[in-house]
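Thanks for coming. I will go through the domains and then the helix packing in this one. Please look at the display while I talk.

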Amino acid sequence: MKQTYVVHYSEVALKGRNRPEFVRALRRNLVRALNGLGPVVELREGRFLVTAEGAEEAVSERLGRTFGVAWYSSVTAVEPEYAGILAAVLDAAKKASGKTFKVEPRRSDKGFGLSSHDLAVKLGAAVESETGLKVDLSAPDVSIRVDVTKTKALVYSNKTRGPGGLPVGTAGRVLHLFSGGIDSPVAAWLLMKRGCVPVYLHFYLAPTPSSAVESKVTRLVRVLSDYCGKSTMVLAPFAEYQIAAAGAPMELEPSLFRRFMRMTAEALAPRFGAVALSTGDSLSQAASQTLWNLAVFDRGSGLPILRPLLSYDKEEVIALARRISTYEPSLEEYKDCCAIVTRHPRTRVKGGLIDEYVTRLRFQDLVLKTVENATLYTYNPVGGVAKVSRLPNVPLEGGPRSGPRQIYEQGGGGEAHD
Ligand code: ATP
Ligand code: MG
């Protein structure tokens, strides 16, 4: 059965001249999120009217994962005239549980015959006499809202908060270091919440990428694709690096490995049109994440490095991971990634020392080889299609020459399928 919903957007409304682009991106993302439910998404006087098939819970779950949505509700849409509004309000009141109610009309069409106040009084009296419910303006059991627009009047009573944020695809691409632990998926989600499209980069140790493809890493990408649409991950082997770094002092290894990861990420970023790198670092969570060691990681980077979890405690990260459904897959066993562990990591590694090893161990060559041997994993939640291929040598769509505008048009990883 088809049901109509009203969807209001949040900060999107504040973006001045960019607003039409943000609204277009949100519309595209709503169509994508409701894929398979026959969605029709129409912009009507500053809000979306969405029609979709299927159970309300299923639709609600998907609207609740679409960034840029401030709130939504299933609605009865009627002609903007009193008789139709009254019938819809009575219907909503009869379905309501509780003993008290309030009618809250709002008119975006000021040409409607009655003022909001008069409409509330008239409808309230009718509900009282027809249903036996009592008016309570301060703490009603149910609020019946009536939005009168030029073309429709919308009657609803179950307003639900959306995830807020900005539509994915409106803030550019970020190359995101993705370990498969608890932190990095949450960091990716927070970047999406601000409109970014993460391109994931995962380093693995096995001789072939197949164990990474079959691991929790791809499962996590699939979970996250529910929030951002089509997703891309580069699987980069670090065996060559490990052989080369075998002779370096043990206590420098975490910082060396992390510098190698950063340099590889920087080399890959232009191919995806990524304008920044990002990680799941949280300040002082581990020795490699002290302020001094983060400075060594960033030293000489040509790109900004975003760390959405910098100030989060682990408990806060875990709570968020549970909420967004990445926690369980993050806990799955996966032996293949972070093989470099030292018992006495340094908390203040000297940047100059790492720079020396970067030259001595020929990191530039190692990075080139790693990129050459990398594999591309893509996943499209529309149809659930996963593909594994070699990493193309040319800039990919939305590459260095395409600015944000072009990224919106291409969907920035979250294309419309309408
Ligand atoms: P996570 O931080 O994701 O929970 P973790 O705690 O095992 O995983 P850390 O040692 O805290 O990983 O690493 C800090 C950050 O470094 C990660 O959040 C991630 O951005 C990056 N990172 C670590 N290992 C890898 C890897 N194998 N591939 C890509 N990025 C990685
Ligand atoms: Mg961590």
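Five residues of domain 1 touch eleven residues of domain 2. Keep in mind that this is a predicted model. The bounds of the two domains come from the domain assignment of the chain, which puts domain 1 at 2–161 and domain 2 at 173–390. Taken over C-alpha atoms, the domain centres are 42 Å apart. Between them, domain 1 and domain 2 bury about 770 Å², and 55% of that lies on carbon and sulfur atoms. Which residues of domain 1 lose the most area to domain 2? They are R32, R65 and F67, which together make up 77% of what the domain 1 side buries.

Now to the helices. A packed pair of helices is described by the angle between the axes and the distance between them. I have three pairs, and I start with helix 5, residues 183–193, against helix 11, residues 314–323. Their axes are 9 Å apart, and the packing angle is about 70°. Angles of 65 to 115 degrees count as roughly perpendicular, so helix 5 and helix 11 are roughly perpendicular to each other. Their crossing is left-handed. On the helix 5 side the contact is made by D183, V186, W189 and L190, and on the helix 11 side by K314, V317, L320, A321 and R323. Sorted by class, this contact of helix 5 with helix 11 holds six nonpolar residues, three charged ones and no polar ones.

Helix 5 also packs against helix 7, residues 216–228, with an angle of about 15° and axes 10 Å apart. Since angles under 35 degrees count as roughly parallel, that makes helix 5 roughly parallel to helix 7. The crossing of helix 5 and helix 7 is right-handed. Here P185, A188, W189 and M192 of helix 5 meet L220, L224, Y227 and C228 of helix 7. What classes do the residues of this contact of helix 5 with helix 7 divide into? Eight are nonpolar, with no polar and no charged residues. Note W189 of helix 5, which is listed in the contact with helix 11 and again in the contact with helix 7.

The last pair is helix 9, residues 253–268, and helix 14, residues 363–372. Their axes come within 9 Å and cross at roughly 60°. Helix 9 passes helix 14 in a right-handed crossing. From helix 9 the residues are L256, R259, F260, M263, T264, A267 and L268, and they meet F363, Q364, L366, V367, T370 and V371 of helix 14. By class, the contact of helix 9 with helix 14 comes to nine nonpolar, three polar and one charged.

That is what I have for today.

How values were computed. Residues numbered from 1 in each chain as written. Chains lettered and ligands numbered in written order. Predicted model: local features only at pLDDT ≥ 70, side-chain atom pairs only at ≥ 80, totals over all residues. Heavy atoms only, no water. Axes fitted to C-alpha atoms, helices over the stretch in contact; angles between N-to-C directions. Helix = DSSP H or I, 4+ residues; strand = E, 2+ residues; numbered from the N terminus. Parallel < 35°, antiparallel > 145°, perpendicular 65-115°, else oblique. Left-handed = near helix turned anticlockwise from the far one by under 90°. Contact = heavy atoms within 4.5 Å. Nonpolar A, V, L, I, M, F, W, Y, C, P; charged D, E, K, R; others polar. Domains from an automatic or database assignment. Buried area = accessible area lost by both parts, 1.4 Å probe.
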